[in-house]
Amino acid sequence: MAFDDDLARRVREMLAEQPALRERKMFGGLAFLLAGNMCCAILGDELLVRVGPERYPAALAQPYARIRSLAGRTMTGVVVVAPAGLASDEALQSWVMQGVAYAMSLPPKA
């Protein structure tokens, strides 16, 4: 699966100041990792956001967010946001920063 280059550019700009930022191809898209922990990923024209188990119910209640399933298993703590929920920079930033907050709450990976 290809990923939306414009969405990738927008996310890169929002994460530019984050320490230990890496990009990696994952899930058939492009993932953004902070200190080795995924904060978000682009799958096609959608954004996958790792919000964590505590924020998961509230994130799912947001417009344009839905459950992420992989091989028939729900990825608890991860939501997928449809393109309509990413149209403004403010909306995208809100989602990206939720992923950053969770990723930075985890211990760094080697």
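**Burial and contacts in a predicted model**

Me: Is Asn37 buried or exposed?
Reply: The relative accessibility of Asn37 is 3%. Buried means under 20% relative accessible area, exposed over 50%, and partly exposed in between, with a 1.4 Å probe and protein chains only. Asn37 therefore counts as buried.

Me: Which residue's backbone oxygen does the side chain of Asn37 reach?
Reply: Asn37 lies in strand β3; strands (E, at least two residues) and helices (H or I, at least four) are DSSP runs numbered from the N terminus. Not counting residues up to four places away in sequence, it touches residues including Phe32, Arg50 and Ala103, where contact means heavy atoms within 4.5 Å. At 3.0 Å, its side chain reaches the backbone oxygen of Pro107.

Me: Why do the buried residues of α1 count as lying on the same side?
Reply: In helix α1 (residues 5-15), the buried residues are Leu7, Ala8, Arg10, Val11, Met14 and Leu15. They share one side of α1 because the arc they cover around the axis is only 165°; the arc is that of the directions from the helix axis to the C-beta atoms. On the other side, Asp5 and Glu13 are exposed.

Me: Against which elements do the buried residues of α1 pack?
Reply: These residues include Leu7 and Met14. Their packing partners are β1 (21-26), β2 (29-34), β3 (37-43), β4 (46-50) and α3 (89-105).

Me: How far from Arg68 is the nearest side chain of opposite charge?
Reply: Arg68, in strand β5 (residues 65-70), is buried yet has no salt bridge. A salt bridge places a side-chain nitrogen of Lys or Arg within 4 Å of a carboxyl oxygen of Asp or Glu; Lys and Arg count as positive, Asp and Glu as negative, and His and the chain ends are not counted. The nearest such side chain, Glu46, lies at 6.9 Å.

Me: How many disulfides does a search of the whole structure find?
Reply: A disulfide is a pair of cysteine sulfur atoms within 2.5 Å. The sulfur of Cys39 has its closest cysteine sulfur in Cys40, at 3.8 Å, too far for a bond. The number of disulfides found is zero.

Definitions and conventions:
Residues are numbered from 1 along each chain as its sequence is written. This is a predicted model: local features need pLDDT of at least 70, side-chain atom pairs count only at pLDDT 80 or more; totals for chains, interfaces and linings use all residues. Side-chain values use heavy atoms; hydrogens and water are left out. A polar contact is a pair of N or O atoms within 3.5 Å; within protein, one must be able to donate a hydrogen and the other to accept it, and residues adjacent in sequence count only if both atoms are side-chain atoms.
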